[in-house]
Amino acid sequence: MLGEKPDEALPLYTAVVTRARAEHWYRDGAVPDTVDGRFDMIATLLAVVMLRLEAEPAGGEPAARLAERFVDDMDGQLREIGIGDIIVGKHIGKMMSMLGGRLGAYRDGLAAGDITPALLRNLYRGVTPADAALVHVRTSLMAFHAALENTPMMKLLAGELP
């Protein structure tokens with residue numbers, strides 16, 4: 001529409017979703033290849049990216065826009081699978097709560113140097129995968145987190161993930 005502000009979070013959000021759909025998470029990492037598993041993988045990567053944005057003095061607004069983009073996407077996804085208007089808001093509230101919980105869990109895990117408890121609770125929903133799968137996901141996420149720290153915010157906002 002005329003005068004409408006472009007969705008500045010879309011390039012980064014699209015890059016996060018594309019990264020979350022990478023086959024290795026599901027094949028090598030044993031993340032369940034289900035609607036819930038894909039949601040969990042998107043929320044996990046989104047949380048790591050949002051934590052990176054929070055580390056920047058000017059990162060609060062882009063992180064908020066990224067969360068808004070997540071809500072818009074999840075709203076559309078819910079409607080696509082047949083969730084009606086009356087219930088969709090309740091589902092979105094629950095999803096935002098889940099994202100907030102993940103932000104806290106990964107923030108704490110990264111600060112402590114061990115994201116394993118957060119992965120088991122939030123990505124695997126309490127079901128412990130094979131050691132090799134857990135190591136794959138943990139190693140991949142920690143490498144992604146480290147690479148994000150060295151990626152300029154402007155590149156991130158352009159959707160250029162490391």
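Arginine 125 lies in the loop between α6 and α7 (131-149). Its phi is positive, about 50 degrees, although arginine 125 is not a glycine. Most residues other than glycine have a negative phi. The model is a predicted one. Arginine 125 has a relative accessibility of 38%, so it counts as partly exposed.

A second residue of this kind is alanine 30. Alanine 30 sits in the loop between α2 (23-27) and α3. Alanine 30 is not a glycine, yet its phi is positive at about 55 degrees. Is its position buried, exposed or partly exposed? Alanine 30 counts as partly exposed, because its relative accessibility is 36%.

Now step back to the whole chain. The protein chain has 8 helices and 0 strands. From the N terminus on, the order is therefore simple to write, with helices defined as DSSP runs: α-α-α-α-α-α-α-α. The chain has 162 residues, and 43% of them count as buried. Its accessible surface comes to about 8,500 Å². Carbon and sulfur atoms hold 58% of that surface. Next, the contacts. Take those between residues at least 6 apart in sequence: 62% of them join residues at least 24 apart.

A search of the whole structure finds 1 aromatic pair. Phenylalanine 39 and phenylalanine 70 form this pair. Their ring centres are 5.9 Å apart, with 40 degrees between the planes. The pair counts as tilted, because stacked planes are under 30 degrees apart and edge-to-face planes over 60.

The ring belongs to tyrosine 26, and the charged end of arginine 38 sits over it. That end lies 4.7 Å from the ring centre.

Where is empty space left inside? Rolling a probe the size of a water molecule over the atoms shows this. The count comes to 1 cavity of 30 Å³ or more. The largest cavity has a volume of about 40 Å³. Which residues line the largest cavity? They are Glu8, Ala9, Leu12, Leu53, Pro62, Arg65, Leu66 and Leu157. Helix α4 gives the largest share of this lining, 3 residues.

Two further helices deserve a look. Asparagine 122 lies in helix α6 (residues 116-123). Is asparagine 122 buried or exposed? Its relative accessibility is 10%, so asparagine 122 counts as buried. Leave out residues up to four places away in sequence, and asparagine 122 touches Asp40, Arg102, Ala105 and Tyr106.

Aspartate 108 lies in helix α5 (residues 85-112). Its relative accessible area is 53%, so aspartate 108 is exposed. The cut-off for exposed is over 50%. Alanine 118 is 10 residues from aspartate 108 along the chain. Their C-alpha atoms are separated by 8.6 Å.

Methods:
Residues numbered from 1 in each chain as written. Predicted model: local features only at pLDDT ≥ 70, side-chain atom pairs only at ≥ 80, totals over all residues. Heavy atoms only, no water. Helix = DSSP H or I, 4+ residues; strand = E, 2+ residues; numbered from the N terminus. Buried < 20%, exposed > 50% of the residue type's maximum accessible area, 1.4 Å probe, protein only. Contact = heavy atoms within 4.5 Å. Areas by Shrake-Rupley, 256 points an atom, 1.4 Å probe, with all protein chains shown as cover. Phe/Tyr/Trp six-rings, centres within 6.5 Å; stacked < 30°, edge-to-face > 60°. Lys NZ or Arg CZ within 6 Å of the ring centre and 35° of its normal. 1 Å grid on protein atoms, 1.4 Å probe; cavity = no way out; pocket = protein on both sides within 12 Å on 5 of 7 lines; lining within 4 Å. Points joined across faces, edges and corners; volume = space filled by probe spheres on them.
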